[in-house]
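Student: Hi! Could you walk me through this model, starting with how the helices pack?
Tutor: Happy to, let's look at it together.

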Amino acid sequence: MNLVVQKYGGSSLASAEAIKNIAKKIKFKIDKGEKIVCVVSAMGETTDNLINLALNITDNPDSRELDLLLSTGELVSSTLLTIALRSMDIKAISLTGTQAGIFTNKSHGNAKILSIDSSRIWDELNRNKVVVIAGFQGFNDSMDITTLGRGGSDTTAVAIAAELNADICEIYTDVDGIFTANPKHVPNATKLDSVEYEEMLELASLGAKMHPRSIELGLVYKMPILVASSVNDVPGTMITQGDNKLSNKTVGEVRNRVRGIATDENISRITIHGLNNIPGTATKIFEPLSLADISVDVIVQNSGNDGQTNISFTIKDSELTKTKTIMEKICSHIDNASFTYDTGLSKISIVGTGMQDAPGYATQMFKSLSDANINIEMITTSEIRITCIIKQENTGEAARILHSSFDLD
């Protein structure tokens with residue numbers, strides 16, 4: 001008997017009717033003899049509405065209380081889906097993240113899963129029940145509720161699938177799978193039948209519709225992940241280990257290594273001026289940010305002939321206020337240091353295994369953007385991606401240009 005872990009996103013659970021439709025899909029799996037563990041997100045726009053409620057009270061809500069507030073959205077979804085299943089004479093039980101044994105660190109709002117005690121889940125499965133788990137949440141060693149960050153239900157699902165040694169983790173959402181670009185920007189983007197973990201990790205960290213830590217877990221535990229539509233009955237995208245190179249049209253060794261165009265909007269840039277170009281300077285800048293759990297992405301350092309250096313880095317817009325406060329403290333303790341910031345930026349990347357070993361991809365990317373008069377603010381690379389920081393207003397045009405330039409249309 002197969003054990004399948006399914007995850008349903010908020011758009012799939014946006015109404016009572018939608019929840020009843022998901023219950024029917026689960027029943028279909030049960031009738032085929034499969035055991036089901038189901039992880040759910042909050043209904044529709046619930047999380048955003050809860051955040052707005054908190055912000056209407058204060059601009060800086062307490063992180064512990066905010067986590068407790070936000071966790072309620074998934075509780076509503078899990079209990080309603082369980083009620084729907086029971087109304088169809090299906091044995092089912094809903095569990096909170098705590099009841100499911102999801103133990104995390106203390107980082108409210110962006111907690112990391114440290115371990116999972118799956119004994120309660122197995123106990124309910126052995127009673128032939130569908131186990132419906134509230135995603136996006138866990139508990140820490142103070143018995144406080146924590147949340148895993150936006151999209152964290154993906155990570156909950158993959159982590160539970162790995163812990164249970166499930167046959168597959170199925171992520172159901174409002175799209176048909178993983179596309180070569182965001183269809184919002186590139187209407188003729190095409191769905192990928194499969195994608196490797198490493199490529200998907202880059203796409204996810206750069207704005208594709210998956211929580212990056214869920215892909216990391218899939219990679220570490222070699223858990224196959226299917227991303228598919230909860231509405232349309234069409235094949236999705238399989239994320240797995242393997243060589244997807246042949247999925248591109250090839251002739252001999254000549255092939256297009258670019259698998260997709262990733263975009264990530266709402267990016268801010270911080271630039272610190274007047275730093276001494278000596279060992280330990282970067283640590284003074286980035287250690288406080290790390291302790292504040294602020295994720296820094298693109299980093300560029302420029303050194304001058306006068307022994308001074310500037311450091312620029314990017315963050316999400318949502319982290320800007322907290323980052324500015326930290327930068328003010330840092331600069332107050334460094335002689336002649338000051339900082340500026342820019343908003344209204346986005347990241348655009350070409351992603352594909354093997355680009356580093358094939359010259360010309362960076363040049364083609366830069367030339368395509370230049371020909372469209374799109375200025376590049378910053379550049380960073382890895383083995384399988386090249387990322388440019390551009391003005392956010394140019395995101396859609398840049399995505400369409402690169403999608404066409406690299407023959408992804």
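Tutor: A term to begin with: an axis here is a line fitted to C-alpha atoms, for helices over the stretch in contact, and angles run from 0 to 180 degrees between N-to-C directions. Helices (H or I, at least four residues) and strands (E, at least two) are DSSP runs numbered from the N terminus. The model is predicted, so local features need pLDDT of at least 70 and side-chain atom pairs count only at pLDDT 80 or more, while totals for chains, interfaces and linings use all residues. Residues are numbered from 1 along each chain as its sequence is written, and side-chain values use heavy atoms, with hydrogens and water left out.

Student: Got it. What is the angle between helix 2 and helix 3?
Tutor: About 150 degrees, with the axes 9 Å apart; helix 2 covers residues 46–57 and helix 3 covers residues 63–87. That makes helix 2 roughly antiparallel to helix 3. For the cut-offs, angles under 35 degrees count as roughly parallel, over 145 as roughly antiparallel, 65 to 115 as roughly perpendicular, and the rest as oblique.

Student: Is that crossing left-handed or right-handed?
Tutor: Helix 2 passes helix 3 in a right-handed crossing. The convention is that a crossing is right-handed if the near helix is turned clockwise from the far one by less than a right angle, and left-handed if anticlockwise.

Student: And which residues make the contact?
Tutor: From helix 2 they are Thr 46, Thr 47, Leu 50, Ile 51 and Ala 54, and from helix 3 they are Leu 66, Leu 69, Leu 70, Thr 72, Gly 73 and Glu 74. Contact means heavy atoms within 4.5 Å. By class there are six nonpolar, four polar and one charged residues. Here Ala, Val, Leu, Ile, Met, Phe, Trp, Tyr, Cys and Pro count as nonpolar, Asp, Glu, Lys and Arg as charged, and the others, Gly among them, as polar.

Student: Nice. How do helix 8 and helix 9 cross?
Tutor: Their axes come within 10 Å and cross at roughly 140 degrees, with helix 9 spanning residues 320–332. That makes helix 8 oblique to helix 9, and the crossing is right-handed. On the helix 8 side, Lys 284, Ile 285, Pro 288 and Leu 289 meet Thr 323, Ile 326, Met 327 and Ile 330 of helix 9. This contact has six nonpolar, one polar and one charged residues.

Student: What about helix 10 and helix 11?
Tutor: Helix 10 (residues 361–371) and helix 11 (residues 395–405) have axes that come within 10 Å and cross at roughly 135 degrees. That makes helix 10 oblique to helix 11, and their crossing is right-handed. Helix 10 contributes Gln 364, Met 365, Ser 368 and Leu 369, while helix 11 contributes Ala 398, Ile 401, Leu 402 and Ser 405. Five of these residues are nonpolar, three are polar and none is charged.

Student: Zooming out, how many helices and strands does the protein have?
Tutor: There are 11 helices and 20 strands. The radius of gyration, taken over C-alpha atoms, is compared with a globule rule of 2.2 Å times the number of residues to the power 0.38. It is 23 Å, close to the 22 Å that the rule gives for 409 residues, so the protein is as compact as a globular protein of that length. Its C-alpha trace spans about 75 × 55 × 35 Å along the principal axes.

Student: What share of the residues is buried?
Tutor: Buried residues make up 50% of the 409. Buried means under 20% relative accessible area, exposed over 50%, and partly exposed in between (1.4 Å probe, protein chains only).

Student: Where is Leu 3, and is it buried or exposed?
Tutor: Leu 3 sits in strand 1 (residues 3–8) and is buried, at 8% relative accessible area. Beyond its neighbours within four places in sequence, Leu 3 is in contact with several residues, including Val 37, Trp 122 and Leu 164.

Student: Last topic: which phi value does Met 143 have?
Tutor: Phi of Met 143 is near 60 degrees, positive in a residue other than glycine. Met 143 is in the loop between strand 7 (137–139) and strand 8 (145–147), and is exposed at 55% relative accessible area. Asn 165 also has a positive phi, about 55 degrees, although it is not a glycine.
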